[in-house]
Amino acid sequence: MKDRIDQLFAEINTIRAASLEEVEQLRLKYLSKKGLVSALFDDFKGVPAEKKREVGQLLNELKNKTQQAIDDLKSQFDLHADAAVVMQDLTRPADHMEPGTRHPLSIVRNRIIEIFGRIGYTVADGPEIEDDWHNFSALNFTPDHPARDMQDTFFIAQDPDILLRTHTSSVQIRKMETTQPPIRMIFPGRVFRNEAISARAHCIFHQVEGLYIDENVSFADLKQTLMYFAKEMFGEKTQIRLRPSYFPFTEPSGEMDVSCLICGGSGCNICKYTGWVEILGCGMVDPNVLDNCGIDSNKYTGFAFGMGIERITMLKYQIKDLRLFFENDTRFLKQFTGSF
Ligand code: DAH
């Protein structure tokens, strides 16, 4: 039986066909119910038990190889068939190719970069895998802060802690460690949090961080910059409002709302009848953070802000479910070209 298998292996290496019909004949010859390869499977029943494993393996290889050889022969003719159709009419238009479109998150990210670019902000990025220092400690997070918990953050290793960054604020630290002021930069990027996926949350999302450090930078500069951004992003009539908040790395800290894009402030279900929607966190960089990075906090001050790109995109385009951004359904994605 082994001889027969070897013989067929050799034979399969040499099969050729001049047409699809010949390929079909070869298939019948070897692989149909009564074909030569199939016949060996019948004979296999008579193989002594101790040889079954070895012969069985060879037989399966033979069958796969034969199938592959026949598929290969067939595909040649598929190509030839296409070519033949083209040759019949050389003026035939090419196959239709659907052009791709920019993802709405990329459109909004690029728009944010462009808006800040006009007032002198350059763009930088940092690693998505971070250590404790850049994601937490240098930003003044206390050891017992909930974000340091496995429940909230994806840890890759512990002691020393390595994790997927939970925010782009880590890039502030990296830039301040290597650059002396003036610093005027934004940092777009992906961030990760251990959250169940829903219409309003995802374990991966995108932020843009902003950082401005120089002599005499004040809260008024922060407010003016953010107002400029809000009007450029959402329209000239947009109002902003800053509410006091808390972040470990800024003091004072605030959250910024914009007047509701839908109702203009009179109240609707998008703004939950408050007239305002929150879009970012911000504040004056805590002097401790400057000192942690080797920047003289007696000489320099600065502000920082961080916003979620998904959130801004959802507001801008009135998208109600965050999951749509990750499904890659072209019927959804196509709707955003040329919208800026
Ligand atoms: N990192 C914060 C977050 O992910 C957002 C943030 C708040 C960034 C205040 C800042 C800031 O730069 O000043 O929730």
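**Entry 1: the ligand site**

I began at the ligand and found one of its oxygen atoms 3.3 Å from a polar backbone atom of F305; I take a polar contact as a pair of N or O atoms within 3.5 Å, where within protein one must be able to donate a hydrogen and the other to accept it, and residues adjacent in sequence count only if both atoms are side-chain atoms. The protein covers 89% of the 360 Å² of accessible area that the ligand has on its own, with areas from the Shrake-Rupley method and a 1.4 Å probe; for residues, only the protein chains shown count as cover. This is a predicted model, in which local features need pLDDT of at least 70 and side-chain atom pairs count only at pLDDT 80 or more, while totals for chains, interfaces and linings use all residues. Residues are numbered from 1 along each chain as its sequence is written, and side-chain values use heavy atoms, with hydrogens and water left out.

I then looked up the side chains that reach ligand oxygen. Which residues come nearest to the ligand? Of the 15 around it, they are H167, S169, R193, Q207 and E209, a residue being near if one of its heavy atoms lies within 4 Å. At least two residues of the shell come from each of α7 (169-178), β6 (204-214), β9 (276-285) and β10 (301-308). Helices (H or I, at least four residues) and strands (E, at least two) are DSSP runs, numbered from the N terminus.

**Entry 2: salt bridges**

I counted 17 salt bridges, each a side-chain nitrogen of Lys or Arg within 4 Å of a carboxyl oxygen of Asp or Glu. E255 lies in strand β8 (residues 250-259) and R243 in strand β7 (residues 240-247), so the pair ties together parts that are twelve residues apart in sequence. E255 is buried at 18% relative accessibility, whereas R243 is partly exposed at 26%; buried means under 20% relative accessible area, exposed over 50%, and partly exposed in between (1.4 Å probe, protein chains only). Both belong to a network of salt bridges that links R241, R243, E255, D257 and E278.

I also noted R118 with E114, whose closest N and O atoms are 3.2 Å apart. R118 is partly exposed at 44%, and E114 is partly exposed at 38%. For K45 and D42 the corresponding distance is 3.9 Å; K45 is exposed at 64% and D42 partly exposed at 46%.

**Entry 3: two arginines**

Where does R311 lie? I located R311 in helix α10 (residues 309-317), partly exposed at 34%. Not counting residues up to four places away in sequence, R311 touches R200, V277, E278 and I279, where contact means heavy atoms within 4.5 Å. H206 is 105 residues from R311 in sequence, yet their C-alpha atoms are 9.2 Å apart.

Is R148 buried or exposed? I found R148 buried, with a relative accessible area of 18%, in the loop between α6 (132-135) and β3 (155-157). Beyond its neighbours within four places in sequence, R148 is in contact with D132, F136, S137, F141, T142, P143 and F155.
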